[in-house]
Amino acid sequence: MQSQPNVRPYASVWRRITAYLIDYAILFAVLVPLQGLIAFVSNGFPYNLLKTGLQIELWVLLSVSLPVWLYFALSEQSSRKATLGKRIFRLQVTRMSGDRLGFGRAILRTVIKLLPWELTHITLLLPVPLWWDATPEFRFGIIVVYVLIGIYLVTMFLNRRRQSIHDLLVKTVVVETGKS
């Protein structure tokens with residue numbers, strides 16, 4: 001049996017952005033102290049072993065990006081269909097039909113959504129971390145990041161469902177729910 005189309009209102013761009021910023025603050029508040037605790041408890045490990053930009057990028061990928069991807073994907077494919085930030089604003093991520101996302105769709109949505117974030121890491125860390133350069137040069141990847149962020153934001157304002165690129169590509173919408 002096919003689900004009924006979603007009749008709830010689409011989330012405003014501003015509520016979506018604010019929910020995302022809250023999620024970002026939560027993740028920052030958890031991951032930064034955790035990184036510090038790891039370094040403190042392990043007497044600097046693994047930081048004292050990270051000697052190349054690629055090693056640092058792989059560490060960031062495993063210890064920051066992966067937990068962030070899992071936070072978004074697991075939260076948005078859960079029965080609540082929302083991260084903590086979205087729950088505060090009574091928002092949910094659903095398929096176009098209103099059904100819950102599967103894990104594959106949720107992780108793909110997350111990877112596309114956080115692509116500018118990942119490109120920032122790559123741009124700042126490869127081939128060598130920007131702060132290791134004696135005379136740091138401009139890195140073109142930063143322009144790509146800002147162009148992508150602009151496209152993601154403008155796209156939400158230009159369609160009636162307020163979908164961003166990641167929503168359009170994986171066929172999801174963010175809707176308001178009447179309950180907290």
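**Reading the model, feature by feature**

A: We begin with the order of elements: along the sequence, the protein chain follows the pattern α-α-α-β-α-α-α-α-β. Please keep in mind that this is a predicted model.

Q: How many helices and strands does the protein chain have?

A: The protein chain has 7 helices and 2 strands. Its C-alpha trace spans about 60 × 35 × 25 Å along the principal axes.

Q: What share of the residues in the protein chain is buried?

A: A residue counts as buried when its relative accessible area is under 20%, and as exposed when that area is over 50%. Of the 180 residues in the protein chain, 38% are buried.

Q: Is serine 79 buried or exposed?

A: Serine 79 has a relative accessible area of 59%, so this residue is exposed. Serine 79 belongs to the loop between helix 2 (53-77) and helix 3 (84-88). From C-alpha to C-alpha, serine 79 and threonine 94 are 10 Å apart in space, with a separation of 15 residues in sequence.

Q: How do the two strands pair?

A: In a regular strand, side chains alternate between the two faces of the sheet. Here, strand 1 and strand 2 (residues 172-176) pair in the antiparallel sense over 5 bridges. Arginine 95, for example, has threonine 172 in strand 2 as its bridge partner. Strand 1 (residues 91-95) is mostly covered, for 4 of its 5 residues are buried.

Q: Which residues of helix 4 are buried, and where do they lie around the axis?

A: The buried residues of helix 4 (residues 103-113) are Ala106, Arg109, Thr110, Ile112 and Lys113. They cover an arc of only 165 degrees around the axis, and therefore lie on the same side of helix 4.

Q: How many aromatic pairs are there, and why is the pair of tyrosine 20 and phenylalanine 72 called stacked?

A: Two rings pair if their centres lie within 6.5 Å, and planes under 30 degrees apart count as stacked. The count comes to 3 aromatic pairs. The rings of tyrosine 20 and phenylalanine 72 have centres 6.0 Å apart and planes at 20 degrees, so this pair is stacked. Because tyrosine 20 lies in helix 1 (residues 13-41) and phenylalanine 72 in helix 2, the pair ties together parts that are 52 residues apart in sequence.

Q: What is the arrangement of tyrosine 71 and phenylalanine 72?

A: Tyrosine 71 and phenylalanine 72 form an edge-to-face pair, with 5.2 Å from centre to centre and 80 degrees between the planes. Tyr20, Tyr71 and Phe72 form one aromatic cluster. Within it, tyrosine 71 and phenylalanine 72 are both buried, whereas tyrosine 20 is partly exposed at 29% relative accessibility.

Q: Which residues make the nonpolar surface patch?

A: The patch, of about 770 Å², is made by Trp14, Tyr146, Ile149, Leu153, Val154, Phe157 and Leu158. Helix 6 (residues 141-157) gives the most to this patch, with 5 residues. Isoleucine 149 lies in helix 6 and, at 33% relative accessibility, counts as partly exposed.

Methods
Residues numbered from 1 in each chain as written. Predicted model: local features only at pLDDT ≥ 70, side-chain atom pairs only at ≥ 80, totals over all residues. Heavy atoms only, no water. Buried < 20%, exposed > 50% of the residue type's maximum accessible area, 1.4 Å probe, protein only. Patch = residues over 30% accessible without salt bridge, like charges linked within 9 Å, V, L, I, M, F, W, Y side chains within 5 Å. Areas by Shrake-Rupley, 256 points an atom, 1.4 Å probe, with all protein chains shown as cover. Salt bridge = Lys/Arg side-chain N within 4 Å of Asp/Glu carboxyl O. Arc of directions from axis to C-beta. Pairing = 2+ DSSP bridges. Phe/Tyr/Trp six-rings, centres within 6.5 Å; stacked < 30°, edge-to-face > 60°.
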